[in-house]
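User: I would like to learn how to read a few features of a protein model, one after another. Could you take me through them, giving the general idea before the particular case?

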Amino acid sequence: TEDIFLSPPIIKLAPRARQVVRLARLKTAMPTEQLPYRMIVREVPEAAPAKDNLQVQLALAFSIPVFITPPRAKAQLVCGGVERVADNTIKTVCENSGNAHAYPIAFSLVADNGQEVANRDSGAYLLPGIKRDFEIKRAEGNIPGGKARLSVTLVDGSKQSYDVTIPDMRPAAQ
């Protein structure tokens with residue numbers, strides 16, 4: 001994109017050194033929705049003279065999400081019912097109908113008796129208008145069917161809870 005730029009655009013770092021970089025947005029108008037970008041960082045290795053023994057030189061590359069969020073932009077995450085995938089796994093579908101990304105970091109399934117029966121640590125954000133499936137597994141044993149509460153923890157520390165009904169386990173194959 002040419003909407004934002006990095007300053008300085010190229011840096012040279014010594015081993016164990018640090019460098020502060022800044023992202024600046026060129027457009028002055030404040031957006032009404034969150035603007036998502038991806039910053040790609042690539043290491044350009046220095047050329048080294050050839051040696052008699054074989055050497056492999058590796059270069060790092062990684063991708064960092066960047067969000068420009070106006071003050072009134074908010075995520076609106078809604079997670080629907082659950083579907084059984086296996087005796088120890090259920091799936092829920094979450095949708096972000098807001099105008100900023102939502103970032104669930106943990107899911108917890110608590111049975112009607114208050115016992116946590118399954119959980120999942122996530123690590124995926126949902127851009128506005130995106131739906132995504134999340135599988136929640138029980139480490140040992142099966143997830144019992146019946147009423148439960150699905151709790152979703154977001155990266156900002158807030159929690160959302162949903163009443164769900166877990167389908168009964170599949171009958172064993174004869």
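User: Let us begin with the open space: which strand gives the largest share of the lining of the largest pocket?

Analyst: Please keep in mind throughout that this is a predicted model. The general idea is that rolling a probe the size of a water molecule over the atoms shows where empty space is left. Here the largest pocket has a volume of about 740 Å³, and among the 18 residues that line this pocket, those closest to its centre are I11, V41, R42, E43 and V44. The largest share of the lining, four residues, is contributed by strand β3, which covers residues 35-42.

User: Next, how many disulfides does the model contain, and which residues form the link?

Analyst: In general, a disulfide is a covalent bond between the sulfur atoms of two cysteines. The count in this model comes to one disulfide, formed by C79 and C94, whose sulfur atoms are 2.1 Å apart. The link of C79 and C94 is right-handed, with 100 degrees about the S-S bond. Because C79 belongs to strand β5 (residues 77-86) and C94 to strand β6 (residues 89-96), the pair ties together parts that are 15 residues apart in sequence.

User: Are these two cysteines buried or exposed?

Analyst: C79 is buried, at a relative accessible area of 4%, and C94 also counts as buried, with 0% relative accessibility. Setting aside neighbours within four places in sequence, C79 is in contact with T92, V93, C94, F107, L150, V152 and Y162.

User: K91 is a residue I had wondered about; where does K91 lie, and is K91 buried or exposed?

Analyst: K91 lies in strand β6. With a relative accessible area of 19%, K91 is classed as buried, since the cut-off for that class is under 20%. Not counting residues up to four places away in sequence, K91 touches G81, V82, E83, V85, D133, F134 and E135.

User: Finally, how should I read aromatic pairs, and how many are there?

Analyst: A pair of aromatic rings is described by the distance of the centres and the angle of the planes. The count here comes to three aromatic pairs. One of them joins F67 and Y125 edge-to-face, at 5.3 Å centre to centre and with 90 degrees between the planes. As F67 lies in strand β4 (residues 61-68) and Y125 in the loop between β8 and β9, this pair ties together parts that are 58 residues apart in sequence. Y103 and Y125 also form an edge-to-face pair, 6.2 Å centre to centre, with 65 degrees between the planes. Y103 is in the loop between β6 and β7, so its pairing with Y125, in the loop between β8 and β9, links parts that are 22 residues apart in sequence.

User: What do F67, Y103 and Y125 form, and are these rings' residues buried, partly exposed or exposed?

Analyst: F67, Y103 and Y125 form one aromatic cluster. F67 is partly exposed, with a relative accessible area of 23%; Y125 is partly exposed at 26%, and Y103 is partly exposed at 26%.

Note on methods: Residues numbered from 1 in each chain as written. Predicted model: local features only at pLDDT ≥ 70, side-chain atom pairs only at ≥ 80, totals over all residues. Heavy atoms only, no water. Disulfide = S-S within 2.5 Å. Helix = DSSP H or I, 4+ residues; strand = E, 2+ residues; numbered from the N terminus. Buried < 20%, exposed > 50% of the residue type's maximum accessible area, 1.4 Å probe, protein only. Contact = heavy atoms within 4.5 Å. Phe/Tyr/Trp six-rings, centres within 6.5 Å; stacked < 30°, edge-to-face > 60°. 1 Å grid on protein atoms, 1.4 Å probe; cavity = no way out; pocket = protein on both sides within 12 Å on 5 of 7 lines; lining within 4 Å. Points joined across faces, edges and corners; volume = space filled by probe spheres on them.
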